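Okay, everyone, thanks for coming. Let me put the model up on the screen, and then I'll walk you through a few bits of it.

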Amino acid sequence: MPLNRRKFLKRSAVTGAGVAIGGAAAAPAQASGQVPARPSGEEARGGSGRPSKRYALTVMGTTDLHGHVFNWDYFKDAEYSDAAGNAMGLARISTLVEEVRRERGRENTLLLDAGDTIQGTPLTYYYAKVDPITAKGGPVHPMARAMNAIGYDAAALGNHEFNYGIETLRKFEGQLRFPLLGANAVDAKTLRPAFPPYFMKKFAVKGAPPVTVAVLGLTNPGIAVWDKALVEGKLKFPGLEEQAAVWVPKLRSMGADVVVVSAHSGTDGSSSYGDQLPYVENAAVNVAKRVPGVDAILVGHAHREIAELKVVNEESGRTVVLSEPLCYAERLTLFDVELVFAKGRWSVESVSASLRNANAVADDPRITRLLRDEHAKVVEYVNQVVGRATQTLTTVDARYKDAPIIDLITKVQEDVVRAALVGTEFASLPVLAQASPFSRTSEIPAGEVTIRDLSGLYVYDNTLVAKVLTGAQVRAYLEFSAEYYVQTAADVVVDVDKLTNAGGRPDYNYDYVSGLRYDIDIAQPAGSRIKNLSFGGAALDDAQRFVLAVNNYRANGGGAFPFVASAQEVWSESTEIRTRIAEWVTAKGVLDPNDFASVDWRLTRAGVPVF
C-alpha cells in the first residue's frame, strides 16, 4: 500500500510556536498554580551569583508490551504469575503512570514507549486476523484504546509492528492519538522518512522560557531480514547510530534542550542476523557512545531489565543514561531530568533512571472497564475445542531430547509443503522440516485440545516457506544449530540447566530438522558435532537436493543459519504456522503421537547416548 508520505509531512510540520510533532501540534505544558513536590521553575544561585531557574522533568517509558493489556495468561486461561512474583499489563502501568503524575505534576511528565506493541498474544492475533482492525467498520485495536486512554505522548516502532503487514500497521497508527516514530524507517525509493522521525514538546516554566524536549524514535534494522516479504521494495531500515547522527544535530538546531531517544534496540552490540546487514541490531550503547547530544535512551527489543546504565559519549564526554524496563508492561522506567537556565539557555544538569514494578499496584479500573469486552471475546476464542489428545505432550525437555510435541510442528509443515508442491518440478524432492523449542513450559494436556493449547506451543506469527538445499548445506545447517549446546566432556556429569544456550543463543535459534537421523556429540567442539547423519537408512549424500519447510523468520536469515537465506525459494504462504497446526488437529480430530512423532536425533558423547 502507499506509504502515506503526505500524511507524514503534515504530522511532522514545525508550528509557529516551534513545536514539532509526529501528530497534531502539542500545546505547551502549563505550569500549575502550586509548586509541585519536585522543583519546577524555582530559583537557584548560578556561578555569577545571579538567580538561575531550575526545572525538573520526568520521562516515563515502557517497551515490548506485546499486546499485554491485563495481568492475564491467555495460554493458561488464568491470571499471570511467575516465580519472581511479577505482574504485567497496561492496566497496571496506567496505575503507575497516574501515581507518578500525581507526585511530579502531570504537566512535568512525558510518557513514551520503545516498540513491539501489536504482536505477541492471542489478543493481538485476534484483532489482526480474526476480527481485524483493517476490515471495513472494523474495531479499534485494544492496544490503541489502552495507550490513548493512558495518555502516551509518543512511541517508537518495534520490529514486530510489521509482522501483520504495512496495512495493519498503518491502520493501527491512524487509531492512535500520538505519533509512531521511526527515523530509520524510510521509503525504499525516495529514502525519505516513512514515519515521523521525532516528536517535540514544550514544557512551560514560570518566569523563564519553556523547556523544549525532543524525542527521536529509532526502530530495528533487522526488520529488513525478519519481515523481508512484507517490506522489501517498500521500506528500508538504515542503522540506528547512522540515523541518530543525522537527526540529533537537527533536533538541537531546532531548539531542543533535552534529547531523548526511544530505541527498539538492545545494548550489547550483537546482531542475530550475522553479516546479512551492515547495521547493528542491538545498537543503543553505540548511539550513546558515538552520537553527541543525546541525554537519555529508552531501550527496547532485548527483553532485559536495566534500571540504569550510564555511558560516556566519546566526543562530548557527557554521560548518557540508558534504561530498559522489563517487557510485557511489567516495569515502568522513570528518567528524572534536572535542568538549569543560565546564560540565556536551558541545559541538562543531571539525568538519573529508575524502575517501578507493576506488581506493586492494582489494575486501573478505568482500563479494565474500557477493554473487558475485547478481553472476553479473546478468552472465548482461545478456549474453542479443536480436537482431543491421547496423551499429554510437553516441551519441558524439548531442548535436549527429541520431543513429540515439536515433531507435531515439523509433521504439519511437511504435510503442507508436500501438498503445495504437487504438480511442480519439485514434487519429487524429499521434504524436511525445521522447528524450534520456543517455550519451555508449553503443554497440550490429554483430553480436549483448544486453540490456546496450540497457540502456547507456537507463540510466534511465523508463516511457512519452502527452500531447496543440498545435503552438504543441510549438514552445515545442523552443525550451526548444534552450536547451541555447551561442550561437555564424556566424564562430566550433564547438568541440563547448563547444557544449552551456549554463547547466549536463545532457544528459538536451535532447530530440529525432521526426515533425517543424526547424533549430536556434545563432547566435540562446535562445528564437528553432527555424527551418523543419514537419510532413508543410508549415509546422507551431500549432492542430494531436499526441500526444507522452514518458518519465514529463519528463511529470511533470522538466526544467521548458513545457506538458507540465499537458497532457492520454491513456495511460500501467508497463513500462520499456528493456524496450520490448528487445521491439522481439527481435521484429524484426535492428536495421537503415533501419527507424527519420530526419533530423528539424540545427544551423544563418544557414541554413547546422553539420555
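So, α2 and α4 are roughly parallel to each other, where angles under 35 degrees count as roughly parallel, over 145 as roughly antiparallel, 65 to 115 as roughly perpendicular and the rest as oblique. Helix α2 is residues 90-104 and helix α4 is residues 142-150, and their axes come within 10 Å and cross at roughly 10 degrees. Axes here are lines fitted to C-alpha atoms, for helices over the stretch in contact, with angles from 0 to 180 degrees between N-to-C directions. Helices (H or I, at least four residues) and strands (E, at least two) are DSSP runs, numbered from the N terminus.

Who touches whom? On the α2 side we have L90, S94, V97, E98 and R101, meeting M143, A146, M147 and I150 in α4; contact means heavy atoms within 4.5 Å.

Quick word on ground rules: this is a predicted model, so local features need pLDDT of at least 70 and side-chain atom pairs count only at pLDDT 80 or more, while totals for chains, interfaces and linings use all residues. Residues are numbered from 1 along each chain as its sequence is written, and side-chain values use heavy atoms, with hydrogens and water left out.

Next, the sheet. Six strands make an open, mixed sheet, in the order β9-β10-β12-β13-β15-β14; two strands pair if DSSP finds at least two bridges between them. At the edges stand β9 (198-205) and β14 (306-312), each with a single partner strand, so one side of each has no neighbour in the sheet. Inside the sheet, β12 (residues 258-263) and β13 (residues 296-299) pair in the parallel sense over four bridges, and V261 stands opposite I297 in β13. Helix α8 (residues 240-253) packs on this sheet, touching β9, β10 (208-218) and β12, and its direction makes about 160 degrees with that of β10.

Last up, aromatics. The count comes to 25 aromatic pairs, with rings of Phe, Tyr and Trp (its six-membered ring) pairing if their centres lie within 6.5 Å; planes under 30 degrees apart are stacked, over 60 edge-to-face and the rest tilted. Y198 and W247 have ring centres 5.8 Å apart and planes at 45 degrees, so that pair is tilted. Y198 sits in strand β9 and W247 in helix α8, 49 residues apart. Both Y198 and W247 are buried, meaning under 20% relative accessible area, with exposed over 50% and partly exposed in between (1.4 Å probe, protein chains only).
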